[in-house]
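Subject: Structure handover

Hi,

Here is the structure we talked about. Please load it and read the notes below alongside it.

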Amino acid sequence: MFNLMKLLHRSLSSLPNSSLQTLLPIPQLCSNGRLQEALLEMSVLGHNMGFHDYDALLNTCVNKRALREGQRVHAHMIKTLYFPSTYLRTRLLILYGKCDRLQDAHKVLDEMPEKNVVSWTAMISRYSQTGHSSEALTVFAEMMRADGKPNHFTFASVLTSCSGLVGKQVHGLIIKLSYDSHIYVGSSLLDMYAKAGSIKEAREVFECLPERDVVSCTAIITGYAQLGLDEEALHVFQKLLSQGMSPNYVTCASVLTALSGLALLDHGKQVHCHVLRCELPFYAVLQNSLIDMYSKCGNLAYARRLFDNMPETERTSVSWNAMLVGYSKHGLGKEVLELFGLMREGKRVKPDSVTLLAVLSGCSHGRMEDTGLSIFDGMIAGDYGVKPDTEHYGCIVDMLGRAGRIKEAFEFVKRMPSEPTAGVLGSLLGACRVHSSVDIGEYVGRRLIEIEPENAGNYVILSNLYASAGRWEDVNNLRAMMLRNAVTKEPGRSWIQHEQTLHYFHANDRTHPRREEVLAKLKEILIKMKQAGYVSDHSCVLYDVDEEQKERMLLGHSEKLALTFGLIATGDGIPIRVFKNLRICVDCHNFAKIFSKVFERKVSLRDKNRFHQIVGGVCSCGDYW
């Protein structure tokens with residue numbers, strides 16, 4: 001074999017000068033991108049291969065993710081009895097990890113006679129990056145038992161795989177080794193707490209960082225947005241900008257989620273402009289966030305434009321779902337079904353649980369009960385590859401309830417394969433309230449109070465039901481029960497954006513700086529509204545008081561105050577956009593319709609359930625919400 005190699009080397013030496021390029025040093029061949037020639041030279045050199053040769057080859061294989069070539073290098077080491085250093089063994093480990101050969105990578109780690117922090121961290125990092133949390137934690141535990149000394153990269157990697165008690169134990173070790181003030185470790189810590197829903201702990205970590213960068217700010221913004229703490233997310237984002245930091249595409253995607261919750265279209269447009277101006281990578285996650293923001297802020301046309309402009313290969317189920325949910329929230333059942341049809345025709349992206357939920361919700365809001373029931377039957381039969389869960393059952397209950405088919409909805413609940421959840425029963429109770437089905441509503445309401453006695457919404461809806469039937473004694477008994485159980489109702493509030501500022505209003509609000517002006521204007525509005533046929537709906541008042549008092553209470557609802565402020569603050573003909581955290585009541589809905597007709601304004605009103613686009617006294621919901 002050795003003589004064969006000598007003959008080969010001699011024959012190569014006899015080649016013309018133009019052919020001698022293959023005899024360049026291996027590091028030079030690798031740096032010139034000539035990996036195959038470098039591997040040939042490795043075969044020629046045999047036992048004469050040195051550290052720098054192997055280092056150049058392995059680095060090139062790692063960069064190119066060239067698994068087969070890397071395996072040849074590894075085999076050559078074994079065949080020539082070369083004893084690689086810890087550094088070279090770590091490069092092999094990284095190569096196998098990058099090529100998703102995790103078992104081979106772990107075997108390299110196990111066979112290392114000496115391991116250093118880089119070796120341990122490389123294995124932990126790759127396990128964490130590929131979602132193998134248990135394996136990452138196991139390797140970390142082995143490292144600690146072997147008296148390994150983790151550094152900031154080790155902690156940043158292992159924290160990705162931590163949660164709960166284990167996360168807190170690692171946090172304790174971080175404090176013990178004085179890494180808690182390190183920016184990488186701190187960012188990973190607050191990301192871990194935020195993903196676990198422990199936003200208080202995440203905020204404490206964030207506040208204790210000696211310096212903050214865009215990564216740490218993005219982590220806390222993402223945590224706030226995921227938990228629906230949209231105002232807090234926006235506050236951190238504004239602070240990030242004021243300190244001269246430049247948000248990246250992940251930051252923008254996260255803050256867009258928060259702006260969707262607050263329905264701040266103007267702010268969302270500014271973020272979109274920043275993305276375009278700074279030429280940030282237009283990854284699918286960012287495009288999906290923009291589609292979601294525009295659709296939830298009421299600009300469906302632009303959301304659809306973004307969706308249509310996405311390359312088909314980049315559209316994920318999240319992209320389709322964002323558009324479907326947008327149409328559903330606006331009650332556009334026909335558009336939901338058309339888009340769902342396109343999704344199924346494409347066959348590249350399969351519908352998931354969220355897809356079918358959006359489709360059923362679209363049928364519910366769009367008065368397409370029979371179509372919705374047919375789709376649900378298809379789910380049962382396995383036509384869509386998605387089995388219905390409790391949320392889908394709840395959507396059917398909501399659909400039947402909206403249509404006034406209360407008894408049918410009640411029977412459907414009784415036939416469910418599992419015990420109905422509070423969400424399912426809550427949908428039925430809400431339908432009973434709208435359609436004044438006292439008997440079924442009372443039964444369902446009492447069940448709900450047994451299941452979740454701390455939920456104020458159940459007491460309120462049942463109280464509404466009793467009040468509409470004139471059963472004031474039952475209303476008072478429910479209020480007494482709420483007091484005994486220390487249950488508090490979430491206060492209703494509405495808000496409107498004007499000149500980059502959010503203006504909040506609560507029922508009978510006396511805190512707004514322009515309250516006197518708003519109340520005086522509201523009295524003027526009411527006179528014109530009554531002349532146009534507005535009659536307040538006293539069934540929305542839950543107190544046994546005289547009619548005049550009921551009218552005063554209805555006039556103080558937050559939606560009316562926000563609409564009035566919008567009329568004062570904006571010029572003629574400009575649309576007024578109001579947002580509410582709860583479901584809009586019947587009286588405020590009627591008020592908004594006549595308001596739009598009298599003052600010739602388009603009113604966009606988004607409540608907890610859906611959008612109401614009101615033009616000339618006609619609402620897009622068809623008075624069906």
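Searching the whole structure turns up two cavities of 30 Å³ or more. A cavity here is a set of points, on a 1 Å grid over the protein atoms alone, where a 1.4 Å probe fits but cannot get out; lining residues have an atom within 4 Å of a point. Points are joined across faces, edges and corners, and a volume is the space filled by probe spheres set on them.

This is a predicted model: local features need pLDDT of at least 70, side-chain atom pairs count only at pLDDT 80 or more, and totals for chains, interfaces and linings use all residues. Numbering starts from 1 along each chain as its sequence is written, and side-chain values use heavy atoms, with hydrogens and water left out.

Largest cavity

The largest cavity holds about 60 Å³ of space. Its lining is Arg203, Phe206, Arg212, Cys217, Val236, Lys239, Leu240, Gln243 and Met245. Helix 13 (199-208) and helix 15 are the elements that give two or more residues to this lining. Helix 15 supplies the largest share, three residues. Helices (H or I, at least four residues) and strands (E, at least two) are DSSP runs, numbered from the N terminus. By class, the lining has five nonpolar, one polar and three charged residues. Ala, Val, Leu, Ile, Met, Phe, Trp, Tyr, Cys and Pro count as nonpolar, Asp, Glu, Lys and Arg as charged, and the others, Gly among them, as polar.

Second largest cavity

This one has a volume of about 50 Å³. Phe505, Asp509, Arg510, Thr511, His512, Arg515, Val518, Leu519 and Leu561 line it. Helix 30 (residues 515-531) gives the largest share, three residues.

Helix 17

Helix 17 (residues 265-277) has 13 residues. From first C-alpha to last it reaches 18 Å, close to the 18 Å expected at 1.5 Å a residue (1.5 Å times one less than the number of residues). Its buried residues (under 20% relative accessible area, 1.4 Å probe, protein chains only) are Leu265, His267, Gly268, Val271, His272, His274 and Val275. Just after the helix, glutamate 279 takes a positive phi of about 50°.

Residues 213-247 are 74% helix and 0% strand, with end C-alpha atoms 10 Å apart. For residues 316-350, the values are 77% helix, 0% strand and 9 Å.

Best wishes

Conventions
Buried < 20%, exposed > 50% of the residue type's maximum accessible area, 1.4 Å probe, protein only. 1 Å grid on protein atoms, 1.4 Å probe; cavity = no way out; pocket = protein on both sides within 12 Å on 5 of 7 lines; lining within 4 Å.
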